[in-house]
Amino acid sequence: MSRVCQYKTGDKPGRGSYTCCNCGFCLKLGADDKMPPCPNCNNTTFTKA
Ligand SMILES: [Zn+2]
């Protein structure tokens, strides 16, 4: 099963948990938060956790 990295830095995907596609870091965003680069590895693609 492959994960689709459909969320990118700068997107506002809405409230929820997102996982970095590079290192697996779990990021929590609020309803109006912009996706930052991964705080752990600086990757810019994420998938919904
Ligand atoms: Zn990462």
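How many helices and how many strands are there in the chain? There are zero helices and four strands. Both are DSSP runs numbered from the N terminus, a helix being H or I over at least four residues and a strand being E over at least two.

Two notes on the source. This is a predicted model, in which local features need pLDDT of at least 70 and side-chain atom pairs count only at pLDDT 80 or more, while totals for chains, interfaces and linings use all residues. Residues are numbered from 1 along each chain as its sequence is written.

Now the sheet. The four strands form an open sheet in the order S1-S4-S2-S3, with antiparallel pairing. Strand S1 (7-8) and strand S3 (26-29) stand at the edges with a single partner strand each, so one side of each has no neighbour in the sheet. Two strands count as paired if DSSP finds at least two bridges between them. S2, residues 16-20, pairs with S3 in the antiparallel sense over four bridges. Tyr 18 stands opposite Leu 27 in S3.

Next, the loop between S3 and strand S4 (45-48), where Pro 39 lies. Is Pro 39 buried or exposed? Pro 39 counts as exposed, because it has 10 C-beta neighbours inside 10 Å. The cut-offs are 20 or more other C-beta atoms within 10 Å for buried, 12 or fewer for exposed, and partly exposed in between, with C-beta atoms placed from the backbone. The C-alpha atoms of Pro 39 and Cys 20 are separated by 9.5 Å, and the two are 19 residues apart along the chain.

Last, the whole chain. Of its 49 residues, 12% count as buried. Its C-alpha atoms fill a box of roughly 30 × 20 × 15 Å along the principal axes.
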